[in-house]
Amino acid sequence: MTAWFQEYFGYGFGWFLATLILILIIALPLMLAVAMIIYADRKIWAAIALRRGPNVVGPWGVLQSFADGLKVFLKETIVPSAANRGLFLLAPIITFTLALVAWAVIPFGPKAVLSNINVGLLYLLAISSMGVYGIIIAGWASNSKYPFYSALRAAAQMVSYEVSIGFVLITVVMWAGSFNLGVIIDKQIGHVWILNGFGFNPLFLPMAVIFLISSMAETARAPFDLTEAESELVAGFQTEYSSMAFALFWLGEYGNVLLMCALNATLFWGGWTPLVDWWPLYYIPGWIWLFGKIFLFFFIFSWVKATVPRFRYDQLMRLGWKVFLPISLVWVCLVSGILMVYRYGALS
């Protein structure tokens, strides 16, 4: 596609035009997906609580998210008089933007990726680490005690679970031999007999579980939503926000949730490949397999939110530092030892 645009519009402008179109091809469906998963989230919660959920706006209530979006768009953006106006408005923009740019390296098919860089996993780790800056800035700029407490919680929570996520990713990188997400997916094809995915390997299954739970903590989803604990902090870092600034936080939050679901699918369950390495299944487009896996993990996220009570803060810290960190560190040593013996012949 890029070569065609460069042929007709010149090298520089053609590249720019092709890249812009590819960005829109990813960003616009992602925005639509965020609106629909908010609806799906509410429907799942309602089903678990034996309620009906959204059912008024549109058939089966599917247009409820768009109605809510229109409502917040028409409301006034109120900035507290004592707040730092520039940072107050910048914080939701940072959160929303980072939720979008991370999708640049997610493969949707064999060659369907916006930026096929060799350090794609490092890029995602950097972007996910920066996501907390929007929350910290919002908490500080609001000049209010509850948002500030929320910002401090978010910083501690991010550090606690980013460490274990990093060690989990090291095990995947060592086995695949690359930071490129496309290569990592290729290494999962037929990994266990005819099954595609590191998660089917008993060696990697504990890492897949730790990564899934850490993903919930990284995105501040229940039972790890201590940054928005309404019984303690009103609404956390979002307390002083209204209108589209508030909506951008919601869009960023659900965009990050979708990203973490995509990472779970990509790193441990074969990404765009079918779960079984059987050639007729490859006739189904890769993006369908990827979206199916993303929705499965999103269902798990919603299921946990609807059923598991919120952790206390000491429980949150203990799980990250005293459980996940030691296990993931031991697993790094275990995987590296197995690779040295069986792949590189350290004992021969």
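This is a predicted model: local features need pLDDT of at least 70, side-chain atom pairs count only at pLDDT 80 or more; totals for chains, interfaces and linings use all residues.
## Salt bridges across the chain

The whole structure holds five salt bridges. One of them pairs R221 with D41, with 3.2 Å between the closest N and O atoms. R221 sits in the loop between α8 and α9 (230-233), while D41 belongs to helix α2 (residues 11-48), so this pair ties together parts that are 180 residues apart in sequence. R221 has a relative accessibility of 1%, so R221 counts as buried. D41 is buried too, because its relative accessible area is 0%, and buried means under 20%.

A salt bridge also joins the side chains of D225 and R310, at 2.9 Å from N to O. D225 is in the loop between α8 and α9, and R310 is in the loop between α11 (286-307) and α12 (313-343), so the pair ties together parts that are 85 residues apart in sequence. D225 counts as buried because its relative accessibility is 11%. R310 has a relative accessible area of 26%, so R310 is partly exposed.

## A charged network

R312 forms a salt bridge with D314. The closest N and O atoms of R312 and D314 are 2.9 Å apart. R318 joins them: R312, D314 and R318 are linked in a network of salt bridges. D314 is partly exposed, because its relative accessible area is 38%.

## N201 in its loop

N201 lies in the loop between α7 (181-188) and α8 (205-218). Its relative accessibility is 14%, so N201 counts as buried. The cut-off for buried is under 20%.

What does N201 touch, leaving aside residues up to four places away in sequence? The contacts are W175, H191 and V192. The side chain of N201 also places a polar atom 2.9 Å from the backbone nitrogen of L203. E240 is another matter. N201 and E240 are 39 residues apart in sequence, and their C-alpha atoms are 47 Å apart in space.

## The largest pocket

By class, the lining of the largest pocket has 20 nonpolar residues, one charged residue and no polar residues.

## The second largest pocket

The second largest pocket holds about 490 Å³ of space. It is lined by 19 residues. I38, S65, D68, G69 and W250 lie nearest the centre of this pocket.

Three helices, α2, α3 (64-74) and α10 (243-268), each supply at least two residues of the lining of the second largest pocket. By class, that lining has 14 nonpolar, two polar and three charged residues.

## Helix α2 in review

Several of these features involve α2. The helix carries D41, the salt-bridge partner of R221. At least two residues of α2 line the second largest pocket.

Notes. Residues are numbered from 1 along each chain as its sequence is written. Side-chain values use heavy atoms; hydrogens and water are left out. Helices (H or I, at least four residues) and strands (E, at least two) are DSSP runs, numbered from the N terminus. Buried means under 20% relative accessible area, exposed over 50%, partly exposed in between (1.4 Å probe, protein chains only). Contact means heavy atoms within 4.5 Å. A polar contact is a pair of N or O atoms within 3.5 Å; within protein, one must be able to donate a hydrogen and the other to accept it, and residues adjacent in sequence count only if both atoms are side-chain atoms. A salt bridge is a side-chain nitrogen of Lys or Arg within 4 Å of a carboxyl oxygen of Asp or Glu. Ala, Val, Leu, Ile, Met, Phe, Trp, Tyr, Cys and Pro count as nonpolar, Asp, Glu, Lys and Arg as charged, and the others, Gly among them, as polar. On a 1 Å grid over the protein atoms alone, a cavity is a set of points where a 1.4 Å probe fits but cannot get out, and a pocket is an open set with protein on both sides within 12 Å along at least five of seven lines; lining residues have an atom within 4 Å of a point. Grid points are joined across faces, edges and corners, and a volume is the space filled by probe spheres set on the points.
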